[in-house]
Amino acid sequence: MKSFHALSDTKQGYIYTFITMLIWGGFSLFARLTAYWNIAVWDILALRFMTAFLVIIPLLYIKKDYRFLFDYRIPLLTMVGSVGYCFFVYSGFFYAPVAHGVVFLNGTFPLFTAIIAYVLLGQRLDRSTMLSFAIIICTLILMGLMMVNDPAGFGFGDVMFLCSAVFWGLFSVMLRLWKFTPWQIVSGIATYSAIIYLPIYGLFFTPQLHLAKPVQLFTQAIFHGIFVVIIATLTYAKAVEKIGLFKAGSIATLAPFVAAVVAVPLLNEALSPMMLCGLIGMGIGALQPWRWLSKSPIG
């Protein structure tokens with residue numbers, strides 16, 4: 001049997017992408033489970049940040065590579081892409097089903113990313129991106145029209161998802177602008193998330209961890225603190241390196257859409273015609289399937 005490193009870059013890239021898919025898909029489901037398991041938003045943030053911190057600190061000591069932590073941009077990245085983003089996204093999943101998160105977060109963050117990149121970096125929009133935006137905007141308009149007969153279709157959780165999409169879009173542009181290595185991003189954010197959030201958590205929030213079972217708390221801490229923060233970030237970075245941004249991003253982004261369908265039987269969540277329309281439209285807009293059919297190389 002061939003060793004992993006003996007495989008071609010393309011095969012390695014698809015393996016890394018598959019791992020990322022599993023974790024990203026699982027994130028939507030596990031984040032939604034916090035509501036079913038009575039884990040408060042401030043508690044899941046503490047579990048996530050503390051677990052990642054405890055794993056990263058020994059690695060920083062072993063690698064002796066921590067000078068970048070004194071770069072003022074690392075705390076800024078943390079506030080936007082970790083503390084800010086996580087607060088909104090976990091709040092969204094606490095109040096709204098998985099399908100809503102996929103539509104209003106995964107479906108719209110490419111739109112916000114491109115808008116922010118245009119404003120901050122002057123990055124022009126190509127034809128594929130413009131077509132993608134047209135599909136996303138038309139989907140949102142159609143969903144808005146369908147909400148006339150379903151006033152409960154849009155709620156507080158959906159607002160939180162839109163806010164988290166803006167934060168993730170800004171974070172993505174900041175990463176593109178500042179070009180830190182995957183190791184610096186993972187370890188820097190894991191370190192500063194704990195430094196910034198945990199004192200606030202201890203001073204201003206009352207833990208409600210007793211409302212959940214120990215096994216539930218342990219499962220959430222390991223998944224969000226290790227798999228999401230550390231493993232998925234590294235596997236996605238390696239996937240992009242091996243097979244390119246579009247292929248890795250498109251395949252991995254498919255995972256939350258699959259999770260939304262899985263959530264229907266697994267979590268007994270309803271999938272209304274409006275949300276089904278949103279999933280299809282946002283999926284096409286975010287994944288840009290026409291680019292896979294193009295004869296030109298995809299990078």
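This is a predicted model: local features need pLDDT of at least 70, side-chain atom pairs count only at pLDDT 80 or more; totals for chains, interfaces and linings use all residues.
Follow α9 along and you will find a kink of about 40° centred on phenylalanine 227. Just after the helix comes glycine 244, with a positive phi of about 100°.

## Helix α2 against helix α3

Two packed helices are described by the angle between their axes and the distance between the axes. For α2 (residues 41-63) and α3 (residues 73-95), the axes come within 9 Å and cross at roughly 135°. That makes α2 oblique to α3, and the crossing is right-handed.

On the α2 side, the contact is made by Val41, Ile44, Leu45, Arg48 and Phe49. Their partners in α3 include Val83, Cys86, Phe87, Tyr90 and Phe94. By type, the residues of this contact divide into 9 nonpolar, 2 polar and 1 charged.

## Helix α5 against helix α7

Helix α5 (residues 109-121) packs on helix α7 (residues 156-178) at an angle of about 45°, with 8 Å between the axes. The two are therefore oblique to each other, and α5 passes α7 in a right-handed crossing.

From α5, the residues in contact are Phe109, Phe112, Thr113, Ile116, Ala117, Leu120 and Leu121. They meet a set in α7 that includes Leu162, Val166, Trp168, Gly169, Val173 and Arg176. This contact's residues split into 13 nonpolar, 3 polar and 1 charged.

Terms used: Residues are numbered from 1 along each chain as its sequence is written. Side-chain values use heavy atoms; hydrogens and water are left out. Axes are lines fitted to C-alpha atoms, for helices over the stretch in contact, and angles run from 0 to 180 degrees between N-to-C directions. Helices (H or I, at least four residues) and strands (E, at least two) are DSSP runs, numbered from the N terminus. Angles under 35 degrees count as roughly parallel, over 145 as roughly antiparallel, 65 to 115 as roughly perpendicular and the rest as oblique. A crossing is left-handed if the near helix is turned anticlockwise from the far one by less than a right angle, and right-handed if clockwise. Contact means heavy atoms within 4.5 Å. Ala, Val, Leu, Ile, Met, Phe, Trp, Tyr, Cys and Pro count as nonpolar, Asp, Glu, Lys and Arg as charged, and the others, Gly among them, as polar. The bend at a residue is the angle between axes fitted to the seven residues ending there and the seven starting there.
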